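Q: I am new to this structure and would like to learn how to read it. Please show it to me, and we can go feature by feature.

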Amino acid sequence: MSDQKTPNNQSNSRSKNDRYDPKTIEPKWQKRWEEEGLYRTVEDPERTKWYALTMLPYPSGDLHTGHWYAMTPSDAAARWRRMSGFNVFFPIGFDAFGLPAENAAIKHNIHPKIWTYRNIERMRGQLKQMGAMWAWDREVITCDPGYYQWTQWFFLKFYDAGLAYRERAPVDWCPSCNTTLAREQVWGEERRCERCGTPVIKKELDQWKFRITKYADELLEGLDKLDWPEPVKIMQRNWIGRSEGAEVTFTTEDGDPIVVFTTRPDTLWGATFMVLAPEHPLVDKVTTPEHRAEVEAYKAEAARKDEIARTAADKEKTGVFTGGYAINPVNGERIPIWIADYVMMTYGTGAIMAVPAHDQRDFEFAKKYGLEIRRVIAGPDGDTGPLEEAYPAKEGFMINSGPFDGTPLPEAIDKVIEWLEKTGKGRRAVQYRLRDWLISRQRMWGAPIPIIYCPKCGTVPVPYEDLPVRLPDDAEFRPTGESPLKYHEGFRHVKCPKCGGDAERETDTMDTFVDSSWYQYAYISPYWKAGEPLSPDDLPWEKAKGDYWLPVDQYTGGIEHATMHLLYTRFFTKAMRDLGLVDFDEPMLRLYNQGMILGPDGEKMSKSRGNVVNPDEYVAKYGADTVRGYLMFIGPWDQGGPWDPSAIEGVHRFLYRVWSVVVDEPKPELVAAEPSPEEVRALERKLHQTIIKVTEDIAGFRFNTMVAALMEFNNALIKAKETPVVGSPIWEQAIRTLVLLMAPTFTHISEELWHRLGNEESVHLQAWPQADPEKAKEEAVTVVVQVNGRVRDKLVVEPNVSRDVLKEMALASPNVQKWIDGKQVRKVIVVPGRLVNVVVG
């Protein structure tokens with residue numbers, strides 16, 4: 001790098017009297033970016049696309065700290081991609097249907113649409129304060145008819161393909177309010193209605209479902225191809241819950257079949273009782289008169305519990321004998337039939353064979369109720385003695401199992417399945433924990449399900465050309481929370497599309513997760529064909545735009561959505577592929593999850609704790625750039641951490657120091673002086689090292705270390721500014737590079753400083769700085785030498801010196817020799833470029 005003197009040609013744009021003022025700078029640039037259309041979406045086939053997406057917010061009324069923590073680092077990563085040459089699409093919208101709007105409607109006597117759009121207007125302004133590169137020209141709001149006409153279109157497409165169907169399913173029901181309740185409306189372990197305090201029960205209703213189980217295997221296999229966090233993959237694998245085993249048919253004494261699934265058919269001879277879910281359709285039939293009252297009381301109690309409470313591992317298992325018996329098909333034994341709430345109709349067949357000798361849950365149940373415990377698997381050493389707890393039977397051999405006695409594990413499982421199939425007593429089977437997606441909601445503020453019920457024609461789908469089925473603007477909400485759609489004459493009563501006779505609309509609406517399962521596609525062409533008649537041959541977006549942008553390259557959001565939204569959107573994409581709408585399998589190729597921002601007390605933020613941090617207050621005090629930078633500096637992004645009011649001051653001071661480095665004039669005598677080659681080389685080295693570090697960190701979403709590298713570089717510039725290097729070309733390159741490296745994170749101050757350096761075009765349209773690895777190399781490094789952890793010498797060596805050479809040099813050091821004299825060297829630990837530790841003893 002030449003050290004030729006260069007005049008400071010930005011003297012007119014730098015002044016010692018200027019001070020960093022985010023209250024002036026930030027609104028100025030936000031306004032200018034919007035006027036110039038800096039972030040307007042453009043499909044450019046000549047450039048490589050990058051579709052960056054962060055989860056869209058619910059319009060609750062205010063952005064909270066969690067929104068900022070999820071969104072601003074995602075914005076920084078998107079900006080870096082843009083500066084790296086990609087054509088970046090970073091849209092935003094609002095997931096606007098949902099229960100809170102209905103609660104507000106009841107509480108304030110206001111239509112949820114009015115409440116929702118007021119909140120959206122406020123949150124739009126807050127989102128713009130962030131200084132993010134949102135593609136506002138592609139905004140979508142899921143409660144807009146132009147959006148939910150396509151949500152309904154997808155329902156009809158799924159219905160036509162056999163992926164949408166209706167069946168009876170349990171819901172939480174308040175018998176006092178005479179309405180269904182959402183999960184969040186059921187309070188406490190006693191499960192009471194939040195409105196009236198009445199105990200909640202389970203009730204069977206006809207409801208609509210999506211056949212997600214059709215894709216269970218594909219959803220599992222596809223995880224291996226995704227660049228997603230391993231915890232998310234594990235959660236989805238466990239949620240899908242694929243199990244291999246056998247289906248075996250027991251019978252009641254009256255001959256009614258009871259199918260059970262077991263992963264351990266080799267233990268069938270150890271089944272000493274059977275357990276049915278309280279909701280099982282055979283319970284009433286097998287229950288004898290003398291047990292009827294007890295069984296009915298138990299069923300009523302079980303109906304008040306949710307699945308989590310019923311299946312909790314630490315919950316004491318309870319049950320009731322029905323008085324009925326089943327016949328074990330492998331040995332003809334008559335075994336008692338019980339009911340227990342830990343068996344669920346929603347998992348498996350709603351019936352289990354209980355093998356207490358080899359299942360701990362069954363063991364505890366048998367001990368409690370005095371049921372037989374029969375061992376059918378011996379230990380590998382031949383142990384067949386009494387059990388103090390269930391023997392898990394992962395190794396050993398079969399005993400007390402008729403023709404299979406002596407058959408070793410694990411081959412016994414396949415041999416028994418082959419025998420079951422040969423004798424017609426069972427078959428090889430695969431079972432999933434995953435259930436079909438229940439999408440019906442007995443609510444008003446959601447996308448209406450486009451189905452009509454006709455006394456003559458039955459279930460009739462709304463014709464595509466009649467979409468959308470609109471929500472009424474004059475709905476009247478009741479204090480009970482019942483859906484007003486049930487009582488709205490204009491909505492409910494319609495003519496049948498087939499016969500023209502009187503008919504009724506479906507009054508259920510769709511789960512809001514349906515809206516968010518396809519929103520990434522809606523951003524391509526918001527409200528596409530709004531106001532036009534739709535057809536089954538349509539596409540919900542402009543094809544050319546979809547071909548360019550899809551699928552999503554980078555997705556960000558919370559891990560709490562792993563088994564719902566993130567699973568549902570994968571299902572949607574696979575179904576869309578089979579419908580010929582897309583030609584790929586997965587909606588988002590790469591995913592990063594952020595952690596959680598805690599209150600200053602280290603606890604989860606909540607109004608009841610009084611530890612909620614309002615980001616608007618800090619933006620007003622420090623500016624958006626400080627809040628952005630602090631949230632990225634707080635710690636590893638995927639881990640989160642507590643909000644520290646004192647630490648944000650440090651980030652704010654950093655921006656003041658950056659301002660000073662760039663804007664304040666250096667001392668004239670230093671500009672006129674000649675820098676040494678060593679001074680020029682030192683700044684050049686630090687410059688290229690910082691480019692490498694910041695680039696690697698932002699690419700890997702390691703925002704905290706990225707900000708730390710920027711701070712370190714600025715500190716180096718502060719020191720260099722007190723030397724003659726300020727008059728050399730490397731100084732101008734260094735401060736320009738600092739501003740460029742800061743641009744993705746500190747969006748406003750970097751724009752202001754870039755223009756003060758004499759540039760006309762936006763800093764956010766500049767190319768990302770490129771490092772020269774040769775210039776980043778250290779010419780020498782200092783390696784600390786320890787003996788048993790204590791520093792005994794330091795070696796100055798070349799950066800790429802090998803481990804073996806470092807070891808030899810350390811052992812040959814006179815200072816080290818005197819500490820190991822006469823002792824045995826047990827180990828030498830070498831960390832190249834940093835440390836050698838000699839362990840003696």
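Q: At roughly what angle do the axes of helix α20 and helix α25 cross?
A: Some terms come before the answer. Helices (H or I, at least four residues) and strands (E, at least two) are DSSP runs, numbered from the N terminus. Axes are lines fitted to C-alpha atoms, for helices over the stretch in contact, and angles run from 0 to 180 degrees between N-to-C directions. Here, α20 (residues 645–663) and α25 (residues 747–756) cross at roughly 10°, and their axes come within 10 Å. That makes α20 roughly parallel to α25. The cut-offs are these: angles under 35 degrees count as roughly parallel, over 145 as roughly antiparallel, 65 to 115 as roughly perpendicular and the rest as oblique.

Q: Which residues make that contact?
A: Contact means heavy atoms within 4.5 Å. From α20 come Leu655, Val658, Trp659, Val662 and Val663; from α25 come Ile749, Glu752, Leu753 and Arg756. They divide into 7 nonpolar, no polar and 2 charged. Here Ala, Val, Leu, Ile, Met, Phe, Trp, Tyr, Cys and Pro count as nonpolar, Asp, Glu, Lys and Arg as charged, and the others, Gly among them, as polar.

Q: How far can I trust the model?
A: This is a predicted model: local features need pLDDT of at least 70, side-chain atom pairs count only at pLDDT 80 or more, and totals for chains, interfaces and linings use all residues. Residues are numbered from 1 along each chain as its sequence is written, and side-chain values use heavy atoms, leaving out hydrogens and water. pLDDT is the predictor's confidence in each residue, from 0 to 100. The protein averages 92, and 98% of the residues score at least 70. Over residues 1–16, pLDDT stays under 50. For that stretch the model has 47 contacts beyond four places in sequence.

Q: How do α1 and α25 lie, roughly parallel or roughly perpendicular?
A: Look at the crossing angle. The axes of α1 (residues 22–36) and α25 cross at roughly 85° and come within 9 Å. The two helices are therefore roughly perpendicular to each other. Among the α1 residues in this contact are Trp29 and Trp33; the α25 side includes His748 and Glu751. The contact has 3 nonpolar, 4 polar and 5 charged residues.

Q: In what order do the strands β22, β21, β24 and β23 form their sheet?
A: Two strands pair if DSSP finds at least two bridges between them. The order is β22-β21-β24-β23, an open sheet with antiparallel pairing. β22 (458–461) and β23 (493–495) each have a single partner strand, so one side of each is left without a neighbour in the sheet. On average, neighbouring strands are turned by 40° against each other, direction ignored. Between β21 (residues 451–454) and β22 there are 4 bridges. One partner pair there is Cys454 and Gly458.

Q: Through which helix does the chain cross from β26 to β27?
A: Start with the strands: β26 (residues 554–558) and β27 (residues 591–594) run parallel, joined by 4 bridges. Tyr555 stands opposite Leu591. The chain crosses through α17 (residues 565–578), and this β-α-β crossover is right-handed. A crossover is right-handed if, with the strands pointing away from the viewer, the path from the first strand over the helix to the second runs clockwise.
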